[in-house]
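Dear colleague,

Please find below the sequence and structure that I am handing over to you. My findings follow directly after it.

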Amino acid sequence: MQGEALPLVDINKDGSVTKEEFSSQMDVLFEGMDTNGDGQLENSEVGTFINGELFEAADTNNNGRISRDEFQAQTQKDFDQADQDGNGLLD
């Protein structure tokens, strides 16, 4: 994670983001996007935050919605990809 986004998810403001901090903030994001409160994200709810390609990748059961489990699995993959040195921190 780089630039302006890091401070937004760095809960304890130590300059690094742990997997737990990242996951916690992604849960908050999910809640904010799930405007109809059904526990799933539809294209109409994600706006420009999740583009079509990312939406399709996260929607692993191909039902046109992203469940909380699918969202969490995708955000964990995203964290692991961003953690280039494998130290469990984004900084």
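Phe79 is buried in this predicted model, with a relative accessible area of 1%; buried means under 20% relative accessible area, exposed over 50% and partly exposed in between, with a 1.4 Å probe and protein chains only. Phe22, at 6% relative accessibility, also counts as buried.

As this is a predicted model, local features need pLDDT of at least 70 and side-chain atom pairs count only at pLDDT 80 or more, while totals for chains, interfaces and linings use all residues. Residues are numbered from 1 along each chain as its sequence is written, and side-chain values use heavy atoms, with hydrogens and water left out.

The structure holds two aromatic pairs (rings of Phe, Tyr and Trp, the last by its six-membered ring, with centres within 6.5 Å; planes under 30 degrees apart count as stacked, over 60 as edge-to-face and the rest as tilted). In one, the ring centres of Phe22 and Phe79 are 5.5 Å apart and the planes lie at 55 degrees, so this pair is tilted. It links distant parts of the chain, 57 residues apart: Phe22 is in helix H2 (residues 19-33) and Phe79 in helix H5 (residues 68-82). Helices are DSSP runs (H or I, at least four residues), numbered from the N terminus.

The rings of Phe30 and Phe71 have centres 5.3 Å apart and planes at 55 degrees, so that pair is tilted. Phe30 lies in H2 and Phe71 in H5, so the pair ties together parts 41 residues apart in sequence. Both Phe30 and Phe71 are buried.

Phe71 is also among the residues with the most contacts inside the largest nonpolar core, together with Leu41, Ile50 and Ile66; this core has 16 residues (a nonpolar core is a set of buried Ala, Val, Leu, Ile, Met, Phe, Trp, Tyr and Cys residues joined through side-chain atoms within 4.5 Å). H1, H2, H4 and H5 each supply at least two of its residues, and the largest share, four residues, comes from H2. Leaving aside residues up to four places away in sequence, Ile50 touches Met33, Phe55, Ile66 and Phe71, where contact means heavy atoms within 4.5 Å.

Yours sincerely
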